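Reader: I would like to learn how to read the features of a model like this one. Please take me through them in turn.

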Amino acid sequence: MASLDWLVVSVTSFTIFQILFHYLSAKISIYFCNGYRTLTDFQKIEWNSRVVSTVHALLVGVLCLYLLWYDDAVNADPIWGDPTHVKLNVGLAAGYLISGECTFKFMLTKLGTIVASSLGLEMYFEIV
């Protein structure tokens, strides 16, 4: 794996997790979970965030088990061995973490608007 391949994996991971959060999670959840339609906007954001988290945990967990059981280079020398698949795992995690940070900022923006409108604080935020 070239030195910047983990960066490509990170960008791809970020993109996939953002698509999953904003589009696919809702479509999948509506199909499999009847109660998804009855959730509030806040609950839908939380639900979609948890779906992304679960998908990430499954991907990274399976890759870690593969590394533990089958990657001879890493098992032969865990410190100095060829960390090709480890870099892939780090790239996935980095993309997920950056995606999570963007999702958090999105949630704050959207939830701030919901809370402000429900409490009648729009003028306060415009003044401040």
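Author: Begin with the surface. Accessible areas come from the Shrake-Rupley method with a 1.4 Å probe. This is a predicted model, and the accessible surface of its protein chain comes to about 9000 Å². Carbon and sulfur atoms hold 70% of that surface.

Reader: What percentage of the residues of the protein chain count as buried?

Author: A residue is buried when its relative accessible area is under 20%. Here 23% of the 128 residues of the protein chain count as buried.

Reader: How many helices and strands are there in the protein chain?

Author: The chain has five helices and zero strands. Along the sequence the pattern reads α-α-α-α-α. As for contacts with a separation of 6 or more, 66% of them are between residues 24 or more positions apart.

Reader: With which residues is leucine 20 in contact, leaving aside its neighbours within four places in sequence?

Author: With that limit, leucine 20 is in contact with Ser25, Val52 and Val55.

Reader: How many aromatic pairs does a search of the whole structure find?

Author: The search finds four. One of them joins tyrosine 66 and tyrosine 70, with 6.0 Å centre to centre and 35° between the planes. Planes under 30 degrees apart count as stacked and those over 60 as edge-to-face, so an angle in between is called tilted. The pair of tyrosine 66 and tyrosine 70 is tilted. Both residues lie in helix α2 (residues 41-70), four residues apart, which is about one turn of the helix.

Reader: Why does tyrosine 70 count as exposed, and why does tyrosine 66 count as partly exposed?

Author: The cut-off for exposed is over 50%, and partly exposed lies between that and buried. Tyrosine 70 counts as exposed because its relative accessibility is 56%. Tyrosine 66 counts as partly exposed because its value is 33%.

Reader: How many disulfides does the search find?

Author: A disulfide needs two cysteine sulfur atoms within 2.5 Å. The search of the whole structure finds zero. Cysteine 33 is partly exposed at 28% relative accessibility, and cysteine 102 is partly exposed at 35%.

Key: Residues numbered from 1 in each chain as written. Predicted model: local features only at pLDDT ≥ 70, side-chain atom pairs only at ≥ 80, totals over all residues. Heavy atoms only, no water. Phe/Tyr/Trp six-rings, centres within 6.5 Å; stacked < 30°, edge-to-face > 60°. Helix = DSSP H or I, 4+ residues; strand = E, 2+ residues; numbered from the N terminus. Buried < 20%, exposed > 50% of the residue type's maximum accessible area, 1.4 Å probe, protein only. Contact = heavy atoms within 4.5 Å.
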